[in-house]
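Hi,

Here is the structure I promised to pass on to you. Have a look at it first, and then read my notes below.

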Amino acid sequence: MKQDVENNAAMTSQAASEFECRFESVIPLARLDAFKLVVDHPELWWYPPLSEAPGGDLDVRIEPFAGGACYQIDDKGQRCIWGTVLSIEEPLYMRISWQVAQDGSLIAAPAAASRVMLNFREAGEVTRIEVVHNKFLRHGEAGGEYMQLMMQSNGWPRILKNIVEAAKTLKRK
């Protein structure tokens, strides 16, 4: 297991017939509030992984039901779907198809995309979020390379750091 102390994210990888990476972090909110932050307010923490922060404002939303879209609308009005909700149960988990390719392009079909499972675990007055990103082979021959990129600081560690920072901002209000 590889520990990223700066971002408080534990990471493991498994190379077998399928690639998988795991991350966890502590969100300084109760479980229901942490779940609502992630699902109801993605505009507070999301921007596309493996890229610089986008210029202009993004309207980011997650439709909280099976088949719902995870999408962003840029300042030009362009809607980009970056995921599809496969299953969701408040405040326990959300499972999505990850429709972002390694080069940042979008994957139209959820069936052709990798999978992300977000589990929210009570840990006293805070919440432990566990992220499992798997089925990288659906991204083709470069699936293993893509998994390694998502393990870098501007992949899942940055997303989790953004969620934690958004939670801290909400607590101060």
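Starting at the N terminus, the elements of the protein chain follow the order β-β-β-α-β-β-β-β-β-β-α-α. That gives 3 helices and 9 strands; helices (H or I, at least four residues) and strands (E, at least two) are DSSP runs, numbered from the N terminus. Keep in mind that this is a predicted model, where local features need pLDDT of at least 70 and side-chain atom pairs count only at pLDDT 80 or more, while totals for chains, interfaces and linings use all residues. Residues are numbered from 1 along each chain as its sequence is written, and side-chain values use heavy atoms, with hydrogens and water left out.

Of the 173 residues in the protein chain, 44% are buried. Buried means under 20% relative accessible area, exposed means over 50%, and partly exposed is in between (1.4 Å probe, protein chains only). As for contacts (heavy atoms within 4.5 Å), take those in the chain with a separation of 6 or more: 49% of them are between residues 24 or more positions apart.

Now for the empty space. Rolling a probe the size of a water molecule over the atoms shows where such space is left. A cavity is a set of points, on a 1 Å grid over the protein atoms alone, where a 1.4 Å probe fits but cannot get out, and lining residues have an atom within 4 Å of a point. Grid points are joined across faces, edges and corners, and a volume is the space filled by probe spheres set on the points. The structure has 1 cavity of 30 Å³ or more, and the largest cavity holds about 60 Å³ of space.

What kinds of residues line the largest cavity? The lining has 12 nonpolar residues, no polar ones and no charged ones. (Ala, Val, Leu, Ile, Met, Phe, Trp, Tyr, Cys and Pro count as nonpolar, Asp, Glu, Lys and Arg as charged, and the others, Gly among them, as polar.) Among the lining residues are Trp45, Trp46, Trp82, Trp98 and Trp156. Strand E7 (93–98) and helix H3 (156–172) each supply at least two residues of this lining.

The side chains of glutamine 72 and tryptophan 46 are joined by a polar contact of 2.7 Å. A polar contact is a pair of N or O atoms within 3.5 Å; within protein, one must be able to donate a hydrogen and the other to accept it, and residues adjacent in sequence count only if both atoms are side-chain atoms. Glutamine 72 counts as buried because its relative accessible area is 13%. Leaving aside neighbours within four places in sequence, its contacts include Trp46, Cys80 and Trp82.

Serine 114, in strand E8 (residues 114–123), is worth a click too. It is buried, as its relative accessible area is 0%. Its side chain makes a polar contact of 2.8 Å with the side chain of histidine 133, and another of 2.8 Å with that of histidine 139. Serine 114 and phenylalanine 136 are 22 residues apart in sequence, and their C-alpha atoms are 5.2 Å apart in space.

Next, glutamate 20 sits in strand E3 (residues 19–27). At 15% relative accessibility, glutamate 20 is buried, and its side chain makes a polar contact of 3.0 Å with the side chain of arginine 22.

Last, the cysteines: cysteine 21 is buried at 0% relative accessibility, and cysteine 80 is buried at 18%. How many disulfides (pairs of cysteine sulfur atoms within 2.5 Å) does a search of the whole structure find? It finds 0.

Cheers

Note on methods: On a 1 Å grid over the protein atoms alone, a cavity is a set of points where a 1.4 Å probe fits but cannot get out, and a pocket is an open set with protein on both sides within 12 Å along at least five of seven lines; lining residues have an atom within 4 Å of a point. A disulfide is a pair of cysteine sulfur atoms within 2.5 Å.
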